[in-house]
Amino acid sequence: GAGVSQSPSNKVTEKGKDVELRCDPISGHTALYWYRQRLGQGLEFLIYFQGNSAPDKSGLPSDRFSAERTGESVSTLTIQRTQQEDSAVYLCASSDRQALEQFFGPGTRLTVL
Amino acid sequence: AQSVTQLGSHVSVSEGALVLLRCNYSSSVPPYLFWYVQYPNQGLQLLLKYTSAATLVKGINGFEAEFKKSETSFHLTKPSAHMSDAAEYFCAVSGGSGYSTLTFGKGTMLLVSP
């Protein structure tokens with residue numbers, strides 16, 4: 001079946017603009033995760049959804065970052081008033097109860113000029 | 001709290017040589033451990049995972065890793081490197097629950113020369 005998909009694959013924006021990043025998880029996966037990968041760094045956890053609720057938002061770096069999930073499916077990560085330090089690859093992953101493994105999408109590369 | 005340390009941001013080997021990528025972890029609970037590989041401009045792909053069963057775990061593409069509790073290590077090995085193994089490798093730890101978040105190391109770039 002289809003894997004995790006993310007859109008757009010690349011996004012270039014100007015400092016101060018808002019951006020929305022989309023994630024479509026594998027059908028039937030109840031858990032969804034967002035990570036940020038800065039150049040030369042590991043993955044930084046942002047937020048985790050179980051169904052449509054987010055029991056763990058501890059990784060969101062500031063109140064400019066928010067995320068929602070609807071229909072236990074698609075999720076949107078929104079960054080308001082983008083800053084240059086927000087430039088990174090944003091990765092989405094999903095998992096189901098049995099697998100333990102998280103399946104990753106290809107990521108969205110965000111560049112803030 | 002959990003953390004992962006990967007020794008060496010870059011490892012270079014010759015084709016056919018042994019691959020050894022080091023990972024040490026800390027966890028306040030019995031951990032689940034993972035190795036992921038990331039090829040350029042792609043997402044992460046699971047190589048193998050340890051979930052408290054056998055301590056020697058075999059994964060895809062000939063990779064394996066051994067969980068050593070006494071050393072808090074989960075090093076990744078492959079007997080003979082192939083050019084196609086060149087990629088970035090990430091070690092990760094979770095708290096042992098199916099829905100725990102993963103804490104990743106900073107990654108090790110594997111370079112394979114002919």
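## Disulfides and a buried glutamate

Cys23(A) is buried, at 0% relative accessible area (buried is under 20%, exposed over 50%, partly exposed in between; 1.4 Å probe, protein chains only). The model is predicted: local features need pLDDT of at least 70, side-chain atom pairs count only at pLDDT 80 or more, and totals for chains, interfaces and linings use all residues. Residues are numbered from 1 along each chain as its sequence is written, chains are lettered from A and ligands numbered from 1 in the order written, and side-chain values use heavy atoms, without hydrogens and water.

Over all chains there are 2 disulfides (cysteine sulfur atoms within 2.5 Å).

| Disulfide | S to S | Torsion about S-S |
|---|---|---|
| Cys23(A)–Cys92(A) | 1.9 Å | -65 degrees |
| Cys23(B)–Cys91(B) | 1.9 Å | about -65 degrees |

The chain A link is left-handed. Cys23(A) sits in strand β3 and Cys92(A) in strand β9, 69 residues apart (strands are DSSP E runs of at least two residues, numbered from the N terminus). Cys92(A) is buried too, at 0% relative accessibility.

The chain B disulfide is left-handed as well. Cys23(B) lies in β3 and Cys91(B) in β9 of chain B, so the pair ties together parts 68 residues apart in sequence. Both cysteines are buried.

Glu101(A) lies in the loop between β9 and β10 of chain A. Glu101(A) is buried but has no salt bridge (a Lys or Arg side-chain nitrogen within 4 Å of an Asp or Glu carboxyl oxygen). The nearest side chain of opposite charge is Lys49(B), 4.7 Å away (Lys and Arg count as positive, Asp and Glu as negative; His and chain ends are not counted). Residues touching Glu101(A) include Ser94(A), Tyr36(B) and Lys49(B) (heavy atoms within 4.5 Å).

Technical notes. Helices (H or I, at least four residues) and strands (E, at least two) are DSSP runs, numbered from the N terminus. Lists of a residue's contacts leave out its neighbours within four places in sequence.
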